[in-house]
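Dear colleague,

I am handing over the structure below, and I would be grateful if you could look through it before reading my notes.

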Amino acid sequence: VGVSGRVAGAIAEKLRQLSERHQVLCVTHQPPIAAMADKHFRVDKQTIEDPGEPNPLETLERTVIRVRVLDLERRRLELAELAGGGSASEALVFADALLNQASDLRHLKSG
């Protein structure tokens with residue numbers, strides 16, 4: 001909460017360093033942090049009504065969680081959505097820049 005762009009970049013770099021030796025699972029709404037990931041997942045939570053048993057007149061609620069692995073295009077769209085702000089095209093340009101920057105940094109550090 002309250003993390004600026006510069007601090008988010010520093011956090012992303014620390015997480016990248018940690019990931020060289022450890023598995024890192026990070027839940028974030030910060031585009032610079034999310035862009036650094038090797039894999040992205042979309043997690044959706046939904047509350048649904050479930051007829052009660054054995055009394056079908058009683059309605060129960062249950063929570064269903066869905067997790068999807070995102071391909072590169074879906075990653076791009078998710079990052080653009082996180083970035084929000086201006087127009088959709090500006091958000092996509094920003095998402096592309098973040099993904100390119102993260103890719104360059106990963107290759108620079110690993111090579």
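**Salt bridges within helices and between strands**

Arg76 and Glu73 both lie in helix α3, 3 residues apart, which is about one turn of the helix; helices here are DSSP runs of H or I with at least four residues, strands are runs of E with at least two, and both are numbered from the N terminus. The side chains of these two residues, Arg76 and Glu73, meet in a salt bridge at 3.1 Å from N to O, the term meaning a side-chain nitrogen of Lys or Arg within 4 Å of a carboxyl oxygen of Asp or Glu. Glu73 counts as partly exposed, at 41% relative accessibility, where buried means under 20% relative accessible area, exposed over 50%, and partly exposed in between, with a 1.4 Å probe and protein chains only.

Before going further, please keep in mind that this is a predicted model, in which local features need pLDDT of at least 70 and side-chain atom pairs count only at pLDDT 80 or more, while totals for chains, interfaces and linings use all residues. Residues are numbered from 1 along each chain as its sequence is written, and side-chain values use heavy atoms, with hydrogens and water left out.

By the rule above, the count comes to 8 salt bridges. Another of them joins Glu13 to Arg16, whose closest N and O atoms are 2.8 Å apart, and both of these residues lie in helix α1, 3 residues apart, or about one turn of the helix. As a general point, an α-helix has 3.6 residues a turn, so residues three or four places apart point the same way. Glu13 counts as buried at 16% relative accessibility, and Arg16 also counts as buried, at 8%.

Asp44 is partly exposed, with a relative accessible area of 27%, and Arg68 counts as partly exposed at 40%. Both belong to a network of salt bridges that links Arg42, Asp44, Arg68, Arg74 and Glu78.

**The chain as a whole**

The chain has 4 helices and 2 strands, and these follow the pattern α-α-β-β-α-α when read along the sequence. Of its 111 residues, 20% count as buried. The accessible surface of the chain comes to about 8,400 Å², of which 54% belongs to carbon and sulfur atoms; such areas come from the Shrake-Rupley method with a 1.4 Å probe, and for residues only the protein chains shown count as cover. Among contacts between residues at least 6 apart in sequence, 48% join residues at least 24 apart, a contact meaning heavy atoms within 4.5 Å.

Leaving aside residues up to four places away in sequence, Ala35 touches His40, Arg75, Leu79, Leu98, Leu99, Ala102 and Arg106.

In α3, the buried residues are Arg75, Glu78, Leu79 and Ala80. Leu77 also has its place in this helix, but Leu77 is partly exposed, with a relative accessible area of 34%. The C-alpha atoms of Leu77 and Leu92, which are 15 residues apart along the chain, are separated by 7.0 Å. Just after α3, Gly84 takes a positive phi of about 50°.

On the surface, Phe41, Val43, Ile65, Val67 and Val69 form a nonpolar patch with about 490 Å² of accessible area together. Patches are made of residues with over 30% relative accessible area and no salt bridge, like charges being joined within 9 Å and nonpolar side chains (Val, Leu, Ile, Met, Phe, Trp, Tyr) within 5 Å. The elements that give two or more residues to this patch are β1 (41–51) and β2 (59–69), and β2 gives the most, with 3 residues. Val69, which lies in strand β2, is exposed, with a relative accessible area of 59%.

With best wishes
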